[in-house]
Amino acid sequence: MIHRILQYPHGWQWQLLQQPKAQPSAIAASESAEANTPVSDETTLYEIKRRFPACAGWLDQCMSSSGSSFRVTENAEQDAVLSGTLMVQLSGNRSDIEPFHYWLSSKELITYHSEMRLPLRLQAISLTSKYDSCSNAPDAFALILSVLAEEIHNGLEQFSQQLAKLEAEIHSRKHVNLIEAIIKQRYILVHYSQLFIPLRELLGICKETFLTETINSEHFQRTEHRLERIDFLLQHYAAEIDTLISMDDAISSYKGNNMLRSVLTAALLLLPAAFGAIAWALLPDGMTKQEQWGGLLVIIVLVFILTVLMYGRLAKRDLNKYTQKQNNKYERLQATYSNQQQEDFKPPLNRSRRNRVITEQTSHSPDLPSSSIGSRKNKGR
């Protein structure tokens, strides 16, 4: 296990514990573990536990932790200690999630990492001066949380682009499986919400635990503003997806109503023919062939007349609806045009009204002498 100690000007320190990559010798060591043979990594971990007995329980928890957790305790000096695990996303791949284990006191920060990417990101050159300006370990921990929140913010930016593309496809009606695409975007938003909620909760617990250390912390305030912005984006996108789902329901119901209307129209048009077939089946058997042909002719004529009348009735109803819709559209356009004309039209001022306006303007002007008002009135007359 790699153990690094970083000292900072304000007296706090950061200790990084990192699990090394698996080597061929490590594979042999893991095979010998079945025969109860001690492994070098476990020996190093035992030495770290002996050096920091207050972190022994936390280190054991790190080996078996698989989700976000928080714990507030006290060390031997009766100082508050915040420890636990936070699940973070390390890249644009949503399945690339690793645990971030931390142990935090007012003067010391200990982190445990299972791979190299996260400590390299947290120790970037651009963050060195910011760590140097931190007055205590909780202040630096707030800066670390701000760095971890960047990946969530970047993921939400990609999500917004995908959502805008989906909205454009909905507007152009190019997407067939609309509800499946919306539900897929909903799952992506739930994924980022599950990453964001523990992060925001951890910042609140840290501020509550180390109240005196974080009351005037600039990094805490910046991190809070960043998390508020991410929270706003999550709520906005959730409302937008709910709107898309409502639109899909409305479109589906509209298409269903049109389909049902078409089926009912076809059924109504075929209804006279069905009655004709029933009447033909109810004719008595003792009729002659000439009478049968005459009855068939009468039934055909009646079916044709009833079908034409029913079709005309349905066509008239649809025509009335279309005419009413066009009239309403024309009235709205006419009202809009008339309102615009009234706003653009300004009636000219007559002489008396023009003089009154000039008098009011000059009366409100403090720099204009009263004698000029009378001369302007005489000039207007």
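Which strand holds Gln18? The place of Gln18 is strand β2, residues 13-18. The views below come from a predicted model, in which local features need pLDDT of at least 70, side-chain atom pairs count only at pLDDT 80 or more, and totals for chains, interfaces and linings use all residues. Residues are numbered from 1 along each chain as its sequence is written, and side-chain values use heavy atoms, with hydrogens and water left out.

**View 1. Gln18 in strand β2.** Strands (E, at least two residues) and helices (H or I, at least four) are DSSP runs, numbered from the N terminus. Gln18 has 11% relative accessibility, so it counts as buried. Buried means under 20% relative accessible area, exposed over 50%, and partly exposed in between (1.4 Å probe, protein chains only). Gln18 touches Met1, Ile2, His113, Glu115, Met116 and Pro119, leaving aside residues up to four places away in sequence. A contact means heavy atoms within 4.5 Å.

**View 2. The largest nonpolar core.** A nonpolar core is a set of buried Ala, Val, Leu, Ile, Met, Phe, Trp, Tyr and Cys residues joined through side-chain atoms within 4.5 Å. The largest has 56 residues, and Trp14 and Phe100 have the most contacts inside it. Elements giving two or more residues to this core include β2, β4 (80-89), β5 (97-104) and α6 (137-172). Helix α6 gives the most, with 16 residues. A second, separate core has 12 residues, among them Met1, Cys55, Leu59 and Ile110.

**View 3. Contacts of Trp14.** Beyond residues up to four places away in sequence, Trp14 touches Arg4, Ile5, Leu6, Tyr8, Leu109, Thr111, Leu122, Gln123, Tyr131 and Ile144.

**View 4. The ring cluster of Tyr8, Trp12, Trp14 and Tyr131.** The whole structure holds 7 aromatic pairs. Rings of Phe, Tyr and Trp (its six-membered ring) pair if their centres lie within 6.5 Å; planes under 30 degrees apart count as stacked, over 60 as edge-to-face and the rest as tilted. Tyr8 and Trp12 are stacked, because their ring centres are 4.3 Å apart and their planes stand at 10°. Tyr8 and Tyr131 are tilted, because their centres are 6.1 Å apart and their planes stand at 55°. Tyr8 lies in the loop between β1 (2-7) and β2, and Tyr131 in helix α5 (residues 128-133), so this pair ties together parts 123 residues apart in sequence. Both Tyr8 and Tyr131 are buried.

**View 5. The buried residues of helix α3.** In α3 (residues 56-64), Trp58, Leu59 and Cys62 are buried. Down the helix axis, the buried residues of α3 fall within an arc of 100°, so they line one face. The arc is that of the directions from the helix axis to the C-beta atoms.
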